[in-house]
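Dear colleague,

Please find below the structure I promised to pass on to you. My notes on what was found in it follow directly after.

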Amino acid sequence: MGAPHSPFPIRHYLSLYGALWRNSVIRELGFKVNFLMWIIVEGLWFALQLTFIGVLYLHTENIGSWTKWQVVALVGTSHLIQQLFTAIFLTNLTALSEHIRTGKLDFMLLLPVNTRFLVSFRQVDLGGFVNAAGAVCVIGYALHRLDYVPGVAQVIGFLALIVVGILIHYSLMLMLSASSFWTVRAQGIVWGYYNLFNIARLPDEAFRGAFKAVFTFALPMLLVSNVPVKLLVDKLGSPFEMLLLTSLALLIFAASELLWRTALKRYTSASS
């Protein structure tokens, strides 16, 4: 039923991913209007989020210890993570239940490539990268308004934490998508999780009690965006939050691998 371990070297997977990129480009060129409309819609939504922050700060000077432009950097970082995740993983993970229902997964399991790799990276949403570039511009402008230039180590750490945050979202959403092995259809659950991304656009200091605990430790939405920005704008009091975020990422990734292997073992085929 397709071995979870592949005998092929890393360069084979890089070559394969390059081919998947080329196919994605060809597919997007065939639907140019849809491609442009998605970029416009996401851009308008991002602008709406920034407008909301602007209106909010007409009535207050700070949210906790967060100033206006620090929050703008936070919104930009949240959007950056969301759009990179969308570009690389979202389409693939939401399609898993359909692959199971229609039997396409049977074909993937027969290919001489790691099935999780193929399920996760089969398509690329190029519009997400365009929207991510807009988020980078907003972050840069926010830093300019703060009159703050982060050091090289801060920028490298920021980028590394962005990758860690994307890994958390990927692992959690893969586990939700893997529930399709038991429920067949899980798009509603997956899209429900995707909508929770909006929580990450606000400072963690705006939340209290059980809500903050859940979205810090169980579903670390608040950590995913807040910690990179705190590092970038020098608001991080200690490395504890970075260690917590990294530890949770490794733990959740390991849990997703365990669930994935368990789901594949119980899977027979679409026809059985």
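In these notes a residue is called buried when its relative accessible area is under 20%, exposed when it is over 50%, and partly exposed in between. Please bear in mind throughout that this is a predicted model.

**Two loop residues with positive phi**

By that cut-off Asp234 counts as exposed, because its relative accessibility is 54%. Asp234 sits in the loop that links helix 12 (221-232) to helix 13 (240-266). The phi angle of Asp234 is positive, near 65 degrees, although the residue is not glycine. Most residues other than glycine have a negative phi.

Asp147 also has a positive phi without being glycine, in this case near 55 degrees. Its place is in the loop between helix 7 and helix 8. With a relative accessible area of 73%, Asp147 is exposed.

**Helix 12**

The helix that Asp234 follows presents another picture. Twelve of the twelve residues of helix 12 are buried, so this helix is largely enclosed by the rest of the structure. Among the buried residues are Ser225, Asn226 and Lys230, together with Met221, Leu222, Val224 and Pro228.

**Helix 3 against helix 8**

Helix 3 (residues 68-94) and helix 8 (residues 152-178) have axes that come within 10 Å and cross at roughly 40 degrees. Angles under 35 degrees count as roughly parallel and those from 65 to 115 as roughly perpendicular; the two helices are therefore oblique to each other. The crossing of helix 3 with helix 8 is right-handed. On the side of helix 3, the contact is made by Thr77, Leu80, Ile81, Leu84, Phe85, Phe89, Leu90 and Leu93. Helix 8 contributes Phe158, Ile162, Ile166, His169, Tyr170, Met173, Leu174 and Ser177. By class, the residues of this contact comprise 13 nonpolar, three polar and no charged.

Helix 3 also holds Gln82. This residue is buried, at a relative accessible area of 5%. Leaving aside residues up to four places away in sequence, Gln82 touches Tyr194, Phe197 and Arg201.

**The largest nonpolar core**

Which residues have the most contacts inside the largest nonpolar core? They are Phe85, Leu105, Met173, Phe181 and Leu245, in a core of 80 residues. Helix 3 supplies the largest share of this core, with 15 residues.

**Helix 2 against helix 7**

Helix 2 (residues 32-56) and helix 7 (residues 126-145) pack at an angle of about 30 degrees, and their axes are 9 Å apart. These two helices are therefore roughly parallel to each other. Their crossing is right-handed. From helix 2 the contact draws on Phe35, Trp38, Ile39, Glu42, Gly43, Phe46 and Leu50. From helix 7 it draws on Leu126, Gly127, Val130, Asn131, Gly134, Ala135 and Val138. Nine of the residues in this contact are nonpolar, four are polar and one is charged.

With kind regards

Notes. Residues numbered from 1 in each chain as written. Predicted model: local features only at pLDDT ≥ 70, side-chain atom pairs only at ≥ 80, totals over all residues. Heavy atoms only, no water. Axes fitted to C-alpha atoms, helices over the stretch in contact; angles between N-to-C directions. Helix = DSSP H or I, 4+ residues; strand = E, 2+ residues; numbered from the N terminus. Parallel < 35°, antiparallel > 145°, perpendicular 65-115°, else oblique. Left-handed = near helix turned anticlockwise from the far one by under 90°. Contact = heavy atoms within 4.5 Å. Nonpolar A, V, L, I, M, F, W, Y, C, P; charged D, E, K, R; others polar. Buried < 20%, exposed > 50% of the residue type's maximum accessible area, 1.4 Å probe, protein only. Core = buried A, V, L, I, M, F, W, Y, C linked by side-chain atoms within 4.5 Å.
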